[in-house]
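Here is a friendly walk through one protein model, with the sequence and coordinates alongside. Have your viewer ready and follow the residues as they come up.

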Amino acid sequence: MKTLIRTAVTAAALATVTAACTSAATGQAPVPKVTLDAVRLVAYDSCDDMLSGLREHAAENVGPWGFGGPQIMYMEDTAATARAKTTTSDTPEHSTTNVHEAGVDEPDLIKTDGNRIVTVVDGTLRIIDTATRKVTASLKLTKKDEPTFTPADLLLSGDRALVLFRGGDIMVKSFAPPGETRYVVVDLAGQPKVLSTIRAQGSYVDARMIGSTVRLVTRSQPDITFPEPKSPDATEADRKKANQAVVRQAPLTAWLPTVEITDGSGAVKKDTVKCERVSHPADYTGTSLLTVHTIDVAQDVAATGTEPISLAADGDTVYGSGKSLYVASNPRWWFPMVTEPVPVEPVPTASATASAAAPAVEPTPSDPAVTSAPTTTGSPGEPAVTSSAPATPATSEPAPEPAPTAPPEETEVHRFDIGNPGAPAYVASGKVPGRLLNQYSLSEYEGHLRVATTLTSTDGRTSASSVYVLAADTMAKVGEVGGLGRGERIYSVRFIGPVGYCVTFKQVDPLYTLDLRDPAAPKVTGELKITGYSAYLHPGAEGRLIGIGQEASDKGRTLGTQVSLFDVSDPAAPRRLSQLFQKEAGSEAEWDPHAFLYWPKTGLSVIPLMTPKESGALVLKIDDSAVTKLGMIKHPTHQDKDYAYQPGIQRSMIIGDAVWTLSWDGLQVNDATSLARQAWIPLR
């Protein structure tokens with residue numbers, strides 16, 4: 001769950017990836033070979049050893065602007081079981097959050113146990129009774145001086161909820177949204193009340209919950225104030241030198257993350273991660289620490305603490321299985337912006353086509369600007385950016401400093417054992433070439449981790465994708481299959497048992513099927529080329545795969561949302577059985593799987609949808625042969641004194657024989673068969 005605010009280095013990374021998929025094939029540099037290495041983490045010998053190492057590594061990686069570039073803003077235990085509500089025959093059948101792995105819950109905007117719905121809107125937690133369809137209790141969780149739009153997600157276990165308020169991104173402190181990173185444990189039995197509040201230094205990355213135990217991942221940068229240049233004519237070299245001097249004098253406390261826990265009475269307990277609980281790889285930047293906190297929401301968190309452990313590493317992708325927690329990072333992912341513009345197909349004239357113009361850019365599955373969908377608390381990406389470097393002036397002025405060399409494009413993956421209560425135990429780390437798309441690029445199966453990445457060439461003009469198989473106990477490479485989508489990049493990945501599916505895209509969409517039964521010899525078994533792409537893949541009925549994405553012209557120009565049903569029963573010959581196309585539309589489900597609902601019992605599927613003319617939720621029936629449109633669910637028009645708008649629907653659930661949908665304005669209940677509106681529950 002990230003904001004739309006990032007540094008220039010992030011925009012550069014996105015621009016380079018985009019250019020890698022669209023540049024001409026002639027004159028391209030070869031895709032570099034990157035070896036897979038074991039990245040063994042070791043503990044520091046002492047606090048002095050830790051301080052020395054962090055200072056030197058951070059000094060090597062600090063720049064004239066600090067840690068990063070100039071900032072740019074772009075458009076389930078015994079106590080838990082005893083406490084949990086007993087599920088009886090009176091509890092209606094209900095869907096839950098669409099998660100990557102069964103039994104591993106993920107934070108989201110809304111949760112239900114069938115009898116009640118819990119959500120946080122405008123900083124207020126509300127409980128809705130599903131039988132009476134009324135708000136039965138509420139609790140304000142934001143402070144008076146805190147904006148009501150502070151983003152929040154939650155996890156639910158029995159009568160306890162954990163509300164996660166996400167503070168500003170550490171990469172962009174000056175543009176960070178107001179608010180702080182904090183995690184609030186709420187007792188839902190009776191009138192809801194706050195049991196404890198955890199304030200962890202750094203920004204929230206992600207969390208996973210098994211039973212009542214939550215593992216929270218945060219990342220933090222050293223708390224160092226860099227000096228202003230003494231002269232307005234100071235060069236970047238002067239600024240960097242001054243920053244290095246400050247880093248080499250910084251105390252250990254500048255790096256060690258702190259955690260503060262406030263109980264229900266207001267008593268505060270503070271703690272700092274101990275030196276012996278911090279590890280590091282042989283090569284690291286010293287510019288960030290990754291911390292994993294463990295919280296059992298069924299216990300008194302103020303008494304038990306969060307048992308934090310830290311790594312001298314960065315991390316932005318979290319994946320959890322039933323036994324393992326993986327955190328993936330690319331510690332040196334900044335590099336110069338691409339100077340070549342991305343070629344696009346010319347927009348047809350009105351005489352040439354009757355269809356409305358779609359965005360004339362190469363689509364990005366995580367780009368809300370492409371899909372015209374509203375930005376929400378999901379995980380949208382940012383628009384790709386290109387820039388042109390100014391020519392060196394033909395004057396006597398000093399030549400500009402040489403551009404930094406692009407670092408290796410590689411991803412580190414750290415594995416932690418979460419099979420036992422308490423803090424996770426570090427197991428091993430590995431490094432693979434390229435970069436991940438999202439958490440679905442990772443999958444643990446029968447003692448192995450499958451990792452799908454895209455690796456671009458040194459000049460950013462071409463790319464290729466691969467799937468690597470690592471031994472989970474050592475994170476050493478066991479096997480690999482490469483050469484997927486040359487000149488393209490990964491748009492979606494799904495691993496289902498011993499089979500993998502990978503979609504790459506440039507102008508057409510190759511869907512690859514992968515046989516992963518032999519970890520040492522994974523192989524491509526089939527390929528299907530169609531226009532457009534799938535940005536999210538979901539298992540359907542036996543031998544079926546559902547794809548949510550964008551249709552595109554034969555030159556790669558996006559045209560609108562498409563829902564595809566694939567027959568993958570024969571891995572050697574995947575084929576598309578059915579396609580539903582919504583012109584000029586975009587769906588949040590393209591970049592946030594939590595927005596996708598599929599109810600296998602009836603084949604009912606619901607996705608948010610926005611077009612230039614309407615906003616709502618598209619209701620479909622997906623059986624083993626076709627995708628059929630049943631209708632659209634829309635929330636009441638929001639009428640303000642100066643304007644009116646149609647609220648965008650963000651989530652949907654099945655509870656009994658009804659479809660529940662959530663927007664920022666409220667919850668609506670519709671009959672699952674006729675789609676007739678049954679109730680409206682305002683939340684604002």
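## Tyrosine pairs

Let us start with two buried residues, Tyr491 and Tyr533. Keep in mind that the model you are looking at is predicted. In general, two aromatic rings are described by the distance between their centres and the angle between their planes.

The protein has 10 aromatic pairs. In one of them, the rings of Tyr440 and Tyr536 have centres 5.8 Å apart and planes at 80°. That angle is over the 60 degrees required, so the pair counts as edge-to-face. Tyr440 belongs to the loop between strand 23 (425–433) and strand 24 (442–445), while Tyr536 is part of strand 32 (residues 533–539); the pair links distant parts of the chain, 96 residues apart. Tyr440 and Tyr536 are both buried.

Back to Tyr491 and Tyr533: these two form a tilted aromatic pair, with 4.6 Å from centre to centre and 55° between the planes. This pair, too, links distant parts of the chain, as Tyr491 sits in strand 28 (residues 489–496) and Tyr533 in strand 32, 42 residues apart.

## A ring cluster and a charge over a ring

Which residues do ring pairs link into a cluster? They are Tyr440, Tyr536 and Phe596. Elsewhere, an arginine meets an aromatic ring: Arg182 lies over the face of Phe165, at 4.2 Å from the ring centre.

## The chain as a whole

Stepping back, the protein chain has 684 residues, and 55% of them count as buried. The chain contains six helices and 45 strands.

## The largest nonpolar core

The largest nonpolar core has 21 residues, and those touching the most other members are Met50, Leu54, Val247 and Trp255. Helix 2 (residues 47–61) contributes the largest share of this core, with five residues.

To see what surrounds one of these residues, select Leu54. Leaving out residues up to four places away in sequence, Leu54 touches Tyr44, Leu252, Trp255, Tyr284, Gly286, Leu289 and Ala312.

## Charged residues under cover

Is Lys111 buried or exposed? Lys111 counts as buried because its relative accessibility is 4%, which falls under the 20% cut-off. Lys111 is found in strand 5 (residues 110–112). Its side chain makes a polar contact of 2.8 Å with the side chain of Thr97, and another polar contact, of 2.9 Å, joins the side chains of Lys111 and Asp105.

Beyond four places in sequence, the contacts of Lys111 are Thr97, Asp105, Glu106, Arg116, Ile117, Val118, Leu154, Leu155 and Leu156.

Asp159 lies in the loop between strand 9 (152–157) and strand 10 (160–165), and Asp159 is buried, with a relative accessible area of 12%. The C-alpha atoms of Asp159 and Pro192 are 9.4 Å apart, although 33 residues separate the two along the chain.

Next, look at Glu588, in the loop between strand 35 (575–583) and strand 36 (597–599). Glu588 is buried, at a relative accessible area of 4%. Which side chain does Glu588 meet in a polar contact? The partner is Arg651, at 3.2 Å.

## Two positive phi angles

Glu307 has a phi near 45°, a positive value, and is placed in the loop between helix 5 (301–304) and strand 19 (309–311). With a relative accessible area of 36%, Glu307 is partly exposed.

Met475 has a positive phi as well, near 60°. Met475 is placed in the loop between strand 26 (463–471) and strand 27 (477–484). Its relative accessible area is 2%, so Met475 is buried.

Conventions
Residues numbered from 1 in each chain as written. Predicted model: local features only at pLDDT ≥ 70, side-chain atom pairs only at ≥ 80, totals over all residues. Heavy atoms only, no water. Helix = DSSP H or I, 4+ residues; strand = E, 2+ residues; numbered from the N terminus. Buried < 20%, exposed > 50% of the residue type's maximum accessible area, 1.4 Å probe, protein only. Polar contact = N/O pair within 3.5 Å; in protein donor to acceptor, adjacent residues only side chain to side chain. Core = buried A, V, L, I, M, F, W, Y, C linked by side-chain atoms within 4.5 Å. Contact = heavy atoms within 4.5 Å. Phe/Tyr/Trp six-rings, centres within 6.5 Å; stacked < 30°, edge-to-face > 60°. Lys NZ or Arg CZ within 6 Å of the ring centre and 35° of its normal.
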